[in-house]
Amino acid sequence: MGLRLIYGRSGTGKSEYCFEEIAKNIKNGEKVYLITPEQFSFTAEQKLMEKVNQEAIIQAEVIHLSRLAKRVVKEIGNNTPKMTKRGKAMLISHIFSKHKNELKYLSKSRENIELAISSITEFKKHGITLERLKEQIEKTENIYLKTKLQDILIIYENYDEKLSKTYIDEIDELEILANNIWRIDWLHDSYIYIDEFAGFTHPEYQVIEELIKYAKQVNITIATDNLEKLTNPDKDIFYTNKQTIKKLKNIIKDNDLEEEKPICLEKLVRFKTNELAQIEENLFKVKQVKVEKTVDNISIFLAKNQYTEIENIAKEIIKEVREEKLRYKDISIITKNIENYASLAKVIFEKYDIPIFIDQKRELSQNIIIQYILAIFEILRKNYTRESVFQYLKIGFTNIPEEDIYKLENYCTKWGIKQNKFKKDFKYEVETKKEEIEYLNELRKQIIDPLEELKNNIKKQKTARGITLEIYNFLMRQKIEVKIKEKIEKLEEENKVDLIQEYKESYEIIISILDEIVEIFDEENMTIDEYMQILKQGLKTSSLGKIPRNTRSGNNGGCR
């Protein structure tokens, strides 16, 4: 046994064929692993449960390559932590800052940090090492491209150096998996099915090669009309998939492995309407084929603007729910650019009394817990500017009544009190009563004392670990967890479920970012400004998820 390809056009039942075979293999007492991309694993598990009885399900497992890699890495005793996307962004942001004088083309910006991250990821995916990159730079004649690649090389080298000491990249984890499959006995006697992949990266090909060597059989589904590689990519929509087939066949040839007779599936089984089948067959054809029959199952609405577009959708949903007896949770709306439609959809659907869940990550920047943390750093960096101090106070974590905050702000604005003046006792003015000045001074001390203690403690530390520890201790002294809990209790009384979840998530994210800063930078010396930039980058890379919930009683749920 060896590699077997299962191929056919979209909708010919390749996945279904795999599930049928998996069920048969389980009946024969075989161990089976179904490998899918991470986003398809849940659906695949559901389908597997439908095909196999619960007693036998232990013999089959749906797994994605990242999870398989984690399991193998743990089994071989490699405890090196994996660099997260957020950690990668913080590290590369810091590399930009430290090496800004060496970088000739790329300046530090959100776009360039993302460019560096994606470039390094692509290099690793396609097996481009530092040596190969240096060779390519030597060959490059275009001065702009050469300079850009040299900057990327500086970032790549520093990133790789940091990882080699304390971390492994997600892509490197797959390489570790490939190098250790020979040691994993439970994979050797199993049937492997690899489904729903559009193509494979260099490390994934390495894993597949090792699986073919040691597993009983490896089955890979490919969406294509045939196994021949055509020379014109403009006319063949399956061109890239046929390149994947060629690479798989080269693995077989180069390693003297066995290729079994492929399975060709030709009958369309997925599409329940002729219109969808027609689109699948002709959408990307060079020569267009006109449909002669009446089109009943696809409609196009030409809208004047986004408002009328969404309003028409709302009317259609109401019609489907009333006439076709559909439930709201059975209806999905798919859009290419959710940011342009989300706010408008909320307003219009509320007007039509349609519950809606929008699968959209929320930015952390407006969250009050995040604003509180950043306000502390602004005060320390800018030495008590009036704006930073009163932003810190108005967030609401200082136990100072709102009325007193505004009294203090009016006094400071009137007499020009800011920065170092804020650290000294307010003087008695003729226009202000002595008792009032004394009270304002008490408020000033209540604000200044814990912040000055934090500032002095940070000056003694000067390392990422030390600064993080002082920030954490400050939050504990200010009893932030207790204050967040109190706010959550008030929100529970008002039944504001989304805000409750946001408060919980945002504080957990802050703590996890602080932990990650310690893990990555540890005893590295840095200024408070450098630390804040790293923290901000971590926050930019983080976002708040949202869990769909029933917004109505009964089983209607909400549109997605």
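User: Let's begin with Glu-320. Which helix does Glu-320 lie in?

Analyst: Glu-320 lies in helix H13, which covers residues 306–323. Keep in mind that we're looking at a predicted model.

User: How do I read the exposure of a residue like that? Is Glu-320 buried, exposed or partly exposed?

Analyst: The general idea is to look at relative accessible area: under 20% is buried, over 50% is exposed, and partly exposed sits in between. Glu-320 has a relative accessible area of 30%, so the residue is partly exposed.

User: What about a residue in a loop? Where is Leu-268 found?

Analyst: Look in the loop between strand E6 (263–264) and helix H12 (274–282) for Leu-268. The relative accessibility of Leu-268 is 32%, so this residue counts as partly exposed. Leu-268 touches Ser-10, Gly-11, Thr-12, Ala-277 and Glu-280, again not counting residues up to four places away in sequence. As for sequence against space, Leu-268 and Gly-8 are 260 residues apart along the chain, yet 9.2 Å apart from C-alpha to C-alpha.

User: Let's zoom out. How many helices and strands does the chain have?

Analyst: There are 22 helices and 8 strands. The C-alpha trace spans about 95 × 65 × 55 Å along the principal axes of the chain, and 45% of the 560 residues count as buried.

User: What share of the contacts with a separation of 6 or more comes from residues 24 or more positions apart?

Analyst: That share is 72% in this chain.

User: Now the core. What's the general idea there, and how many residues does the largest nonpolar core have?

Analyst: In soluble globular proteins, nonpolar side chains tend to be buried together. Here, the largest nonpolar core has 85 residues, and Tyr-372, Tyr-392 and Leu-408 have the most contacts inside it. Helix H21 (residues 497–521) gives the most to this core, contributing 11 residues. There's also a second, separate core of 33 residues, including Ala-69, Val-218, Ile-220 and Ile-252.

User: Which residues does Tyr-392 touch, not counting those up to four places away in sequence?

Analyst: Tyr-392 touches Tyr-372, Ala-375, Ile-376, Ile-379, Thr-398, Ile-447, Leu-451 and Phe-474.

User: On to helix packing. How do I read a crossing angle, and at what angle do the axes of H15 and H22 cross?

Analyst: The angle compares the N-to-C directions of two helix axes, and over 145 degrees counts as roughly antiparallel. The axes of helix H15 (residues 368–382) and helix H22 (residues 528–541) come within 10 Å and cross at roughly 160 degrees. That's why H15 is roughly antiparallel to H22. Their crossing is left-handed.

User: Which residues make the contact of H15 with H22?

Analyst: On H15 they are Ile-370, Ile-373, Leu-374, Phe-377, Glu-378, Leu-380 and Arg-381, while H22 supplies Ile-528, Asp-529, Tyr-531, Met-532, Leu-535, Lys-536 and Leu-539. By class, that's 10 nonpolar, no polar and 4 charged residues.

User: And at what angle do H15 and H18 cross?

Analyst: Roughly 70 degrees, with the axes of H15 and helix H18 (residues 434–461) coming within 11 Å. So H15 is roughly perpendicular to H18. The contact uses Ile-376, Ile-379 and Leu-380 of H15 with Leu-451, Leu-454, Lys-455 and Ile-458 of H18. The classes here are 6 nonpolar, no polar and 1 charged.

User: Last one, backbone angles. What is the phi of Asn-383?

Analyst: Asn-383 has a positive phi of about 55 degrees, although it isn't a glycine. You'll find Asn-383 in the loop between H15 and helix H16 (386–394). Tyr-384 is also in the loop between H15 and H16, and has a positive phi of about 60 degrees without being a glycine. Tyr-384 is buried, with a relative accessible area of 1%.

Conventions. Residues are numbered from 1 along each chain as its sequence is written. This is a predicted model: local features need pLDDT of at least 70, side-chain atom pairs count only at pLDDT 80 or more; totals for chains, interfaces and linings use all residues. Side-chain values use heavy atoms; hydrogens and water are left out. A nonpolar core is a set of buried Ala, Val, Leu, Ile, Met, Phe, Trp, Tyr and Cys residues joined through side-chain atoms within 4.5 Å. Buried means under 20% relative accessible area, exposed over 50%, partly exposed in between (1.4 Å probe, protein chains only). Helices (H or I, at least four residues) and strands (E, at least two) are DSSP runs, numbered from the N terminus. Contact means heavy atoms within 4.5 Å. Axes are lines fitted to C-alpha atoms, for helices over the stretch in contact, and angles run from 0 to 180 degrees between N-to-C directions. Angles under 35 degrees count as roughly parallel, over 145 as roughly antiparallel, 65 to 115 as roughly perpendicular and the rest as oblique. A crossing is left-handed if the near helix is turned anticlockwise from the far one by less than a right angle, and right-handed if clockwise. Ala, Val, Leu, Ile, Met, Phe, Trp, Tyr, Cys and Pro count as nonpolar, Asp, Glu, Lys and Arg as charged, and the others, Gly among them, as polar.
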